[in-house]
Amino acid sequence: MSVLLDLLLLSSLWVFALLTLTALPLFRGVVFFILLGLMLALVWIRLDAPDIALAEAAIGAGITGVLLLDTLGHLHHRADQESSPIRLKSSRFWVALISSLSLAGLLLWALLDTPATPTMLAEQVARALPNSGVDHPITAVLLNFRSYDTLLEIGVLVVAILVGLTLADKDSAQLSLPKLPNPLLQACLALLVPLMLMVSSYLLWAGSKQPGGAFQAGAVLAATGILLHLSGFRLTLRTSERLMRAGLLLGFSVFLLVAASALIDGQPLLTYPDHLAGILILIIELALTLSIGLILLSLFTLPHFALPEQERPK
Amino acid sequence: MSSSAVIFSLAGIGLCAIGLFGFMLHTHLIRKLLAFNIMGSGVFLLLVGMAQRSGHTDPVPQALVLTGIVVAVSATALALYLIRRWLQLSGSTELPEDDRR
């Protein structure tokens, strides 16, 4: 029974992936891409990875989908959406087909070729878990055993925003989204926004013991912001720039501060003292949640607050 | 052996192949980006699926994938900024190299 379910999920993944790449117009392709993300969230649950399922649904399908749709709206104003349909007989098609088939072959070979001595990372994690300050193995890996990855990850987010800032077009008029003065929408918002904020804080708090954590909580926070932005509750340019700066600074600097404070004690970077590990991780997670929420929100709003140079506040 | 893990490793291989195919075939930059993201999802599935073949859940690749998803969304946003800027500067959603076929 469960094998059938898995096979059904597998075929739906492949079908949605193919539809993403072939469906015309592009808008339909993007919608299938979002659907693919939601199917992937189900797959992660089948793979016993509820943390990734949450992140995939909130970030992979949600935020990415919003960003793509937003860009698509931008394209619609300016250029043709699709200029070249797929040409079956071009050499490009055959080169692509042969490379993708050989990639599949190579990966299949890797899958069949099991290593002689399997590395049991799960056991090492389970052994070190009592000293990590949290009870959930994935949070322990993310924020204690491999916190270097997470530190650099928040750095990647910061870099993405910085590049976005440099590239923001200051010449063109602001492409503002129309506001939606819909009473039903406002009523739904009044119910949804508190709920989303509550879910976000729950996810953050749950992260130390069970699936959840800073990334998922931050993504839900960002989604709340985007929802408010889309339904017309705009912050002024000044406030959103300030919020973005706070987001850029907060997570990275708090994390870096905690990481570097170990150096004072003569320890290597990113070691937490055992008795303080839990509280330090909680502080980092709180800062990361706010920071990730603000950064993901800014990734969305950044193209919308590019004003002409003279109107820019000094 | 856990059958789910093997099945979804296969699914990951399929997504990688489909993604690479689309990435090479399409000239429209947003399609390329979508294809690239599909390939990324395939890699994530493969990473977790292959690690869990023995039937145990493994938190290390799961944490790596979690990091990967956030990095993927920032890379996607970055690519979208670049595409918008390119469109604004050149008026095209394709790269000039893609015209020679």
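Author: One place to begin is Asp48(A), which lies in the loop of chain A between α2 (26-46) and α3 (50-78). Asp48(A) is not a glycine, yet its phi is positive, about 65°. The model is a predicted one.

Reader: Why is Asp48(A) called partly exposed?

Author: The relative accessible area of Asp48(A) is 47%. Buried means under 20% and exposed means over 50%, with partly exposed in between. The value of 47% falls in between, so Asp48(A) is partly exposed.

Reader: What makes Leu162(A) partly exposed?

Author: Leu162(A) belongs to helix α7 (residues 147-167) of chain A. Its relative accessibility is 44%, and therefore Leu162(A) counts as partly exposed. The C-alpha atoms of Leu162(A) and Leu248(A) are 9.1 Å from each other, and these residues are 86 apart along the chain.

Reader: Why is Ser74(B) called buried?

Author: Ser74(B) has a relative accessibility of 1%. That value is under 20%, so Ser74(B) counts as buried. Ser74(B) is part of helix α3 (residues 59-90) of chain B.

Reader: Which residues does Ser74(B) touch, leaving out those up to four places away in sequence?

Author: Ser74(B) touches Val156(A), Leu157(A), Ala160(A) and Leu299(A). A touch here means heavy atoms within 4.5 Å.

Reader: Why do Phe93(A) and Phe21(B) count as an aromatic pair?

Author: A search over all chains finds four aromatic pairs. For Phe93(A) and Phe21(B), the distance is 5.6 Å centre to centre, with 80° between the planes. Centres must lie within 6.5 Å, so these two rings pair.

Reader: What makes the pair of Phe93(A) and Phe21(B) edge-to-face?

Author: The angle between the planes is 80°. Angles over 60 degrees count as edge-to-face, and therefore this pair has that name. The pair crosses between chains: Phe93(A) is in helix α4 (residues 91-112) of chain A, and Phe21(B) is in helix α1 (residues 3-25) of chain B. Ring pairs also link Phe93(A), Trp94(A) and Phe21(B) into a cluster.

Reader: Are Phe93(A) and Phe21(B) buried or exposed?

Author: Phe93(A) has a relative accessible area of 13%, so it is buried. Phe21(B) has 17%, so Phe21(B) is buried too.

Reader: How do you know that the charged end of Lys32(B) sits over the ring of Phe23(B)?

Author: The charged end of Lys32(B) is 5.1 Å from the centre of that ring. The distance has to be within 6 Å, and 5.1 Å meets that part of the rule. The rule also asks for a place within 35 degrees of the ring normal. The charged end of Lys32(B) is listed as sitting over the ring of Phe23(B).

Reader: How many disulfides are there over all chains?

Author: The count is zero. A disulfide needs two cysteine sulfur atoms within 2.5 Å. Among the cysteines, Cys16(B) has 4% relative accessibility and counts as buried, while Cys188(A) has 39% and counts as partly exposed.

Reader: How does the radius of gyration of chain B compare with that of a compact globule?

Author: Chain B has 17 Å, whereas a compact globule of 101 residues would have a value near 13 Å. Its C-alpha trace spans about 50 × 25 × 15 Å along the principal axes. Chain B has three helices and zero strands, and 63% of its 101 residues count as buried.

Conventions: Residues numbered from 1 in each chain as written. Chains lettered and ligands numbered in written order. Predicted model: local features only at pLDDT ≥ 70, side-chain atom pairs only at ≥ 80, totals over all residues. Heavy atoms only, no water. Phe/Tyr/Trp six-rings, centres within 6.5 Å; stacked < 30°, edge-to-face > 60°. Helix = DSSP H or I, 4+ residues; strand = E, 2+ residues; numbered from the N terminus. Buried < 20%, exposed > 50% of the residue type's maximum accessible area, 1.4 Å probe, protein only. Rg over C-alpha atoms; globule rule 2.2 N^0.38 Å.
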